[in-house]
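Please look through the sequence and the model below before reading on.

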Amino acid sequence: MTTDSQERPDQPDEIFLRTFYWLLQTVKIHQDNNKVLQESAREFINSVVQSCVDDPHITLEIFRGRFYLREKKLIYRIVSFDLVHGMLQFFESRGLQGLRLSITVGDAPIEQVLAFARILNHAGRQENPLAWIAQRLEGDAFSWVEIVHNQEELPEEELELRERAKRAYFYSLAAVKDVGKKIFSKRPVGIRKTKRLVQKLVDILSEDESLLLSMSTIRDFDDYTYTHSVNVAVLSLCLGKRIGLSRTAMERLGICGLFHDLGKTAISREILFKPERLTNQEFEEIERHPVKSVIDIVKLRTDGDLKAKIIPPIFEHHLKYDLSGYPRYHREKPQGLFGRILSIADVFDAMTSSRVYRPVPFSPDRALGMMTEGAGKDFDPILLKVFFNMLGVFPVGTLLELDTGEIGLAMETPEEAMQDRPMVLILVSDGKDGFRKGKPVNLAERDTHTGLFRRNIVKSRHPESYGIQPAEFLL
Amino acid sequence: MTEISMEKGLSTAYNDPTDEAFQLARDLIAFFIIAMKNYALYPEDNEVSQQSVENVVTRLNEFIKKYGDFRFDVKRDRLLFRDQIIHQGTPHVGNIAFILFRDGIQWFEFQKGVELPEVAGFLRLLNQFRETVEESDGDLVTALWEAQFPHLCYEATDVFLDDETLVDFFLLRVTDEDHRGRAQEADQETSQAIAYPDTYTATWELTPEEINKLGQMVLEDENLDNIEENLDVIMVILREHVEEDDLEDVLKFVLAEFRDALSRVEFQVGRKLLEEVHEIRESCKTNRAWAIPMLDHFFKEASGYQVLNVLQEVWPVLEILGSHRLLLRQVLLLLSPEAVLAIGPMSLEVSSPRTQRDLMELIGSLAGRDIAPLERLLNHPNKNLVQRMVPVLKDLEGDRPSELLLMLARNSSEQIRKTALDTLMARDRQLLQEIFPLIDDDSDHIRRLILQHIGEDRNEFVEGLVLDYLEQRKFQRHDNQHLLACYRALGSCGSARSIPFLRRSLLNGGWILGFSKSAHRQGAAIALMALELDEAQNLLDKASRSLFPGVRIAYRKAMESSSKKMGAHIL
């Protein structure tokens, strides 16, 4: 939730970056003997020492336009946006991919630390800043710092997290299929696997929201119901986290997402894949699926308490905020919170997926735009706002045409300040009617001379129209 | 509970474990296993259980103080501390290593600050998930995740997922190839130049009111009791959507919810649930007759011991929550009369007289709709149960309760006979004729009781029975005390009609043969006294002056007996 992040106190990683930034700024305007400057150097030293808890070193490096600290993506608050982007520009303008600082900086004289800061600053005026920095930092005096040259490879932890996320997604897909098939064939079915997988998704979400959102772009035309179920679970979880749901509530929400369309498994493929307009009877069968899903939940081998908690949201996911949806029945109570979350996630994923009756899906940004028209009628207006903030103007997976002639995939939800300028993964033609990964670019990046943005979005397109599976490129 | 990486775990502790550390680790696991066994054997609040978990926590803290966080690796049949075995056993559910390993736990760590509730919670989960059930709703790992113990740490693998074939991107078709070209064209046509939403911030920024409302929504949801909401949904489904194939499953779920509602003392939920199912049953008569047998079966199940046994935990609560009594009564009255078969035996366990009384009234109400289940209880081999149920028959309408009481009045148990007689007399004194033969019952108590009922008030009909019994010498017992009691009862219920017989018995006595002549005389004198009539008094005066010593003695003994009785009464 936006406010949550605003109110959250400074995190240790953020403190480290802030003290570093402060040192680089104050050294520009003060002499070495200035008290303010010396204080900022001491704060910088302390923050390095305090950051070296489990490891005598701390590595700050840039990968795909983001800072990684100790091989983990740096999570920061909206209020720190300017700080983080200022530091990114500072590093990038010097060709500096990263720095590795040792705990021994604690033993270094203040003057050395100040000299280090001055070197970094002065490098901006050199022809080859990186080489200049490397040359200046050589020698014993700066044994506590070294330049990091990354190989455009993701840090190991990040790679491992991505692999975990991918496995969790596809195992979830398999688990939902398994449950659906067992229920259909009237075999007993528990939810142990489902629970474990949802727990994994919740854990991954706590580490990297963008990663999970990337997973939600996975599409399968032939087995739409299952990928849709997992996507709804993922999107619901991300929204649930944004509004501050507890861990166990998240678990329930994830299960609701995975099982919300279980009832569709009983609907024949002839109806699900019918390109023509459905007859009234066929449409009624489609509209019965929330009821069938609930009946399927009832058959699960799990405790009644959990069933009781997941049944109402699943029943309500097509009910709509103003209760004008289905199943139609006399009702006085409003749609529940989980039902309202599922509604939003369900519609967004459905609108952005290619279906037999609608081969051209809506691009994610346009789907969001259309959904806003339903705020207060189809959707809870507050939750929709949070959802919009979460996905950004151009949700992860949106295919964007740039004014440079390039096309790219929105790859990361930017913070609010730059919602309309996401990180984009440039796609390059592979010469065989397909694409390969290009470089990641930050659309918020400005030309240092003109101050203008380097790239602007011209149009948004839908990746499915080009047969692009965004997750394949983003993961 | 936090999951940490292998790297962190390796870097934190045990760089140089001494032999002492190994010994301590081994002892610690031994204590842990003892605690685990005690937790399986005794309730958690039992002293043995509590002591054993305290032992574990004490040792854990000692270890952590000396050597840092206590982490061990898990193998199929053993636990390792720095590659040395600290516990080993056969790979089955009695072995802690196997339980952890089976659910995929690779290593486990107790961290600094670990507290007793965490260790106790872990022990509870270990026992709960000792056995695995196929297609269960969770395992040790899911439970640990949910418990989120702050100082217990582990890493778990996807043991049961490894067999799954993972799909990959290349297997997924994002769209129908036939439509791809058309899709591209359409996309070209429909894609629009981006008008940057400059008003973005103003439009999508949450206002302070919205932030506040959002927080409230989350809070309300976290505290929400979904039961009623859930039942609303289920009832809508039952009423309007359920098909024949699914009804049984849905009703099973409703049944479980009903049981849960009772166990949570949420009687209003239980009442609502049963009322709605009753309504649904009524509505089914017209258009879904196929549902009626299943709905009837539902009520039968809901009225059975398997469901209602949860009330055993509820009785003590009713003593505190008096207002719930009426609600519970309303719930149980919505059940089938067969509920008597479950509630009756449970009533024996109830210690509170008030609750017992409530239950008896309830059983009476249910039996009023159908007495058959109560009849089954009255034939139960448990005499205590039968005796408890007998008074219920008092207010039931129809002939059957009287027939049952008459039958019970001949029960082999004296207590049951006595209770049945009391109930019978309280129900209808005209039935005394039916039980009159019990005047010769082997039991003193029963005989006394019959006579007590006979003498309760003046009743011409009853007088006739006793008179006939004495005059025709129908008594089968040769027991003077019994005779005297019969005469006394005759005096209490009789009238002037008995005086001729009593005169003969007292003054003539010629018709009486044998040793009991004196008893008849004395009895007649007692009866005459009890009649409290002038004519009877005259006869007694006459007896007191009789030339026959036997008559005078009879008179005197009767007087003495009467005085004693009077004295006893006054005292």
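Domain bounds, as used in this report, come from an automatic or database domain assignment. This is a predicted model, in which local features need pLDDT of at least 70 and side-chain atom pairs count only at pLDDT 80 or more, while totals for chains, interfaces and linings use all residues. Residues are numbered from 1 along each chain as its sequence is written, chains are lettered from A and ligands numbered from 1 in the order in which they are written, and side-chain values use heavy atoms, with hydrogens and water left out.

## Domains of chain A

The assignment divides chain A into domain 1 (2–147), domain 2 (156–391) and domain 3 (399–474). Between domain 2 of chain A and domain 3 of chain A, the C-alpha centres are 28 Å apart. Contact means heavy atoms within 4.5 Å, and here 20 residues of domain 2 of chain A and 14 residues of domain 3 of chain A take part. Buried area is the accessible area (1.4 Å probe) that two parts lose on being put together, summed over both; for these two domains the value is about 1,300 Å², with 45% of it on carbon and sulfur atoms. A:Ser210, A:Thr217 and A:Asn389 supply 29% of the area that domain 2 of chain A buries against domain 3 of chain A, more than any other three residues.

## The two chains together

A salt bridge is a side-chain nitrogen of Lys or Arg within 4 Å of a carboxyl oxygen of Asp or Glu. A polar contact is a pair of N or O atoms within 3.5 Å; within protein, one must be able to donate a hydrogen and the other to accept it, and residues adjacent in sequence count only if both atoms are side-chain atoms.

| Pair of parts | Item | Value |
|---|---|---|
| Chain B and chain A | Buried area | about 8,500 Å² |
| Chain B and chain A | Salt bridges | 12 salt bridges |
| Chain B and chain A | Polar contact | 24 residue pairs |
| Domain 2 and domain 3 of chain A | Buried area | about 1,300 Å² |
| Domain 2 and domain 3 of chain A | Salt bridges | 0 salt bridges |
| Domain 2 and domain 3 of chain A | Polar contact | 5 residue pairs |

The contact between the chains takes 80 residues from chain B and 99 residues from chain A. Of the area that chain B buries against chain A, 11% comes from B:Trp145, B:Phe169 and B:Trp204, more than from any other three residues. One of the salt bridges joins the side chains of A:Arg192 and B:Asp103, at 3.3 Å from N to O.

Helices (H or I, at least four residues) and strands (E, at least two) are DSSP runs, numbered from the N terminus. Helix 10 of chain B gives the most to the side of chain B that touches chain A, with 10 residues.

## Helix 6 of chain B

Which residues of helix 6 of chain B are buried? With buried meaning under 20% relative accessible area, exposed over 50% and partly exposed in between (1.4 Å probe, protein chains only), they are B:Leu140, B:Val141, B:Thr142, B:Ala143, B:Leu144 and B:Trp145. Because 6 of the 8 residues of helix 6 of chain B are buried, this helix is largely enclosed by the rest of the structure. Its cover includes helix 8 (192–207) and helix 11 (247–259) of chain A, together with elements of chain B, among them helix 4 (96–102) and strand 4 (105–110). At the start of helix 6 of chain B, a side-chain oxygen of B:Asp139 comes to within 3.0 Å of the backbone nitrogen of B:Val141, and after the helix comes B:Gln148, whose phi is positive, near 50°.

## Single residues

A:Ser47 lies in helix 3 (residues 35–51) of chain A and counts as buried, at 5% relative accessibility. The side chain of A:Ser47 reaches the backbone oxygen of A:Phe44 at 2.8 Å.

Most residues other than glycine have a negative phi, and most peptide bonds are trans. A cis peptide bond, with omega about 0°, joins A:Tyr326 and A:Pro327, and A:Pro327 lies in the loop between helix 15 (304–316) and helix 16 (337–351) of chain A. Phi of A:Leu323 is positive, near 65°, and A:Leu323 counts as partly exposed at 27% relative accessibility.
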